[in-house]
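Please open the model in a viewer and keep the selection panel at hand. The tour moves from one selection to the next and says what is found at each stop.

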Amino acid sequence: MTQTFMLDGLAIPFEDGQTIMEAAIAAGHYIPHLCYHPDFTPYGSCKLCNVNVNGKICTACTFPAMEGQTVISESEEQNTDRQRITQMLFVEGNHFCPSCEKSGNCQLQGVAYHLKMTDDHFNHQFPHREIDASHPDILIDFNRCIFCALCVRASQEEDGKDVFAISGRGINKRLIINSDSGQLHDSELTVNDRATHICPTGAILIKHTAYQVPIGDRQYDHHSISEVSMEQDSSAP
Amino acid sequence: MNDFIVQLLEANGYRKTRLLAILRAIQATYFHIPKEAITLLSRLLGLPVSHIISVVDFYSFFHSTPRGQYDILFSDSITDHMQDKQNLMNYFSHQCQVGIGQVRKDGRVSLDNTACTGMCDQGPAALINGYAVPRLDRPKIDLIAKLIEQELPLAEWPETIFQVDDLIWKTGLLLNSRLEPGESLLAADARGLNATLNEIDQSKLRGRGGAGFKTALKWRLCASEPEQERFVVCNADEGEPGTFKDRVLLNRYADWLIEGMTLASLLIKSQQGFLYLRGEYLHLFEPLQAKLAERRRNGLLGDNILGKGWSFDIEICLGAGSYICGEESALIESLEGRSGIARNRPPYPVTEGYLNKPTIVDNVETFIAAAHIAIQGGNWFAAQGTEQSSGTKILSISGDTPQPGIYEVPFGTPISAILEDCLAEDVLGVQVGGPSGTFISNREFHRRLAFEDLPSGGSFIIFNRQRDILEIVRNFTHFFADESCGFCTPCRVGTILLSEQIDKLYDGYGSVGDIVALQELGHLLKTNSHCGLGQTAANPMLNTLARYPAIYQSKIKFPHFGPGFNLDEALQAARKIAHRDDSEAHLSQSGD
Ligand SMILES: Cc1cc2nc3c(=O)[nH]c(=O)nc-3n(C[C@H](O)[C@H](O)[C@H](O)COP(=O)(O)O)c2cc1C
Ligand code: SF4
Ligand code: SF4
Ligand code: FES
């Protein structure tokens, strides 16, 4: 007998060990997310995937699916909270979308479109963060990091290198690079690494590739992140 | 440095889990964690440089640039402020010629703030090179300034400077009890271990750290895990502002605590325990080590305890300045030598805790209660308290009372009776359970201390009518923002936004919209944060807003709109340059 839980009124089948997110994706349902990626260990930091499970808010990407659960994801309440959390990510860093070469291909932006975010709502923090352009092929603009740790996990779990780490605490969190100088060119990161390509924002960029696809013709210019992400996440092994 | 670090690593058995202890020793010797030290540690421990940097960055007692040889941190608890902290800190700054947040040019002395140091009953307090200095006043500061100028090592300073008192005003069920070393273990053995766990069950003991999980149930769950290696962890992090009862228990009743941990080890079949001691209680480290050694000598710890073939030992691990490390899974991360970031749940520590093995984490008071229950039986304990909250609770009472200190009261006691006990008068409100708990107004003193009504880990701060609610809320909210681990978005960003909003109100630039925004933000933090810190960070604001809307109202300067700053005031510098201050040089804003 297959086990099921209810997601927004629909019965979702799942296997033991699956999270709510995994089961939802397998069944073709999008739950907004930024720090989750099917290829890497769930992390649970962005809180965009927060869903109401039997009255309690849980991260769908880490919380196990269980028989008889009632999960609410697409409610006005959940989506309002998600919008606020996304706005927090925007004001915490320096996200000047019009001048960012990731514009249109950025998941943070894609999620913001999806959630119908039209302003930043909160006060901007305008932190001072340097750019690391030391690597011949790769650029990091720390201003756009949302501390999702996807680069950290990709480097550890797939590249076997451990190039990145997240350091500090509270609002002073920062992404650091594992090298003696602390600079990217001194690290083991290469352009072919998975970690180079995983960033959901414009924080990690590949040099010499900007604007090959013009703005206006990019991924989220024509497709909503729910479509794109369902296609990509469910094709993962 | 090479030799120093190699020796240090040898002393710590090259264990990665000992990273905090290793870094503490480096910080104490070099007044910071030098870059070369990080490179060396990385090589010798086989840890990435970034791992070590992230730990250094996380804990507030570690620094990547040098602090002074005498590093002074003033406790920033609201109670310290109520005891004239700010003036004394300014005085110190003047006497030692060192700015707040700065290191003096000659590198001899540095001065800064730190979160509540657990000395609220004898504040204002500071830490000097990690050692607690309670009851600061001008003469004491003059003396300290002199000793610093003489470059006298801390060990040669008069002991009175570091004298911390145990102020116990009221004892009850627990503190009136007696316990001979080993007595509870023998009692448990005589009764049978399973029967002893049943007694704890019958006592209805619930965890004393605040959350109130049933202790017997937690221990049973852990004991029933198939994994054979299990751990007993005592949570002596005590970071909730206004709490200091564990400090007194650790100082005066260490024997009872160690006994309780040993008892737990028998019941869950564990051979290794950890006492996670908050860094602010450095002064208790040596005495506790001595106590452990004494018990080892007396056959109460180590191999073959009491000749019964039991084996259990305890290692003390010191924190390094981080409130979040009191959260049990963050505490476990810290024990493993990492930053204190709360884990995803499930799995819970009872199934995957320290090194992913089954682990029980309990408060100091919980272990002590369990030891006495093993001797006196479950009914003895359950006879006091209420239906869902048996026994007594040890409170740390501070703030506006002539008798701050420790009070043991039965659960179910009305707040009014507690206020009478400590002779508090003219009370405006009480923060029960610390900033993460509930702020009650003087119309609620009939309410009771109990899990059914007002739960508490032990913090009880009294405020009289002279106090400014917004100032209290501001202090607490900044505390949470400073202590957020920053892992999850709502808490990392939300606590900062909350602090900014409250500062804006406090400074008199609030609008009606700001109050709505505060409420909305508070709710977002409560429901969406990853762990208890973020979930409770807005409590001081939400609690007081519900009870004193008029006070918030009165802070609103601009009822119709809310500029983030006062334009007229911002033009002050321009007026100075232009040498004019006539009415034409001033702007009026709507609402003035
Ligand atoms: C932010 C935060 C800080 C905490 N600090 C402490 C603490 O200092 N001491 C404590 O015993 N429990 C603290 N707790 C509660 C622990 O997570 C845990 O519930 C407790 O140690 C369990 O022990 P008990 O069952 O004996 O209460 C804290 C929880 C949170 C969320
Ligand atoms: S750089 Fe990108 S992938 Fe890495 S933590 Fe920041 S946002 Fe995530
Ligand atoms: S709620 Fe705060 S302290 Fe807890 S995980 Fe999130 S950021 Fe860290
Ligand atoms: S996707 Fe689940 S918390 Fe980020």
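A polar contact is a pair of N or O atoms within 3.5 Å; within protein, one atom must be able to donate a hydrogen and the other to accept it, and residues adjacent in sequence count only if both atoms are side-chain atoms. The model is predicted: local features require pLDDT of at least 70 and side-chain atom pairs pLDDT 80 or more, whereas totals for chains, interfaces and linings use all residues. Residues are numbered from 1 along each chain as its sequence is written, chains are lettered from A and ligands numbered from 1 in the order in which they are written, and side-chain values use heavy atoms, without hydrogens and water.

**Ligand 1.** Select ligand 1 and then G326(B), where a polar backbone atom is 3.3 Å from a nitrogen atom of the ligand. Next, select N235(B): one of its polar side-chain atoms lies 2.9 Å from an oxygen atom of ligand 1. At D362(B), a polar side-chain atom is 3.0 Å from an oxygen atom of ligand 1. Extending the selection to residues near the ligand (a heavy atom within 4 Å) gives 18 residues, of which G209(B), N235(B), E238(B), N363(B) and T366(B) come nearest.

**The interface of chains A and B.** Now display both chains. Contact (heavy atoms within 4.5 Å) joins 38 residues of chain B to 36 residues of chain A. The buried area, meaning the accessible area (1.4 Å probe) lost when two parts are put together, summed over both, is about 3100 Å², with 54% from carbon and sulfur atoms.

To view a salt bridge, select R84(A) and E520(B), whose side chains meet at 2.7 Å, N to O.

**Helix α4 of chain B.** Finally, select residues 49-58 of chain B. Helices are DSSP runs of H or I with at least four residues, strands runs of E with at least two, numbered from the N terminus. Buried here means under 20% relative accessible area (1.4 Å probe, protein chains only). Eight of the 10 residues of α4(B) are buried, so this helix is largely enclosed by the rest of the structure. Among the buried residues are H51(B), I52(B) and F58(B). Their cover includes β8 (164-167) and β9 (174-177) of chain A, together with α2 (19-30) and α3 (35-45) of chain B.

Definitions and conventions
Buried means under 20% relative accessible area, exposed over 50%, partly exposed in between (1.4 Å probe, protein chains only). A salt bridge is a side-chain nitrogen of Lys or Arg within 4 Å of a carboxyl oxygen of Asp or Glu.
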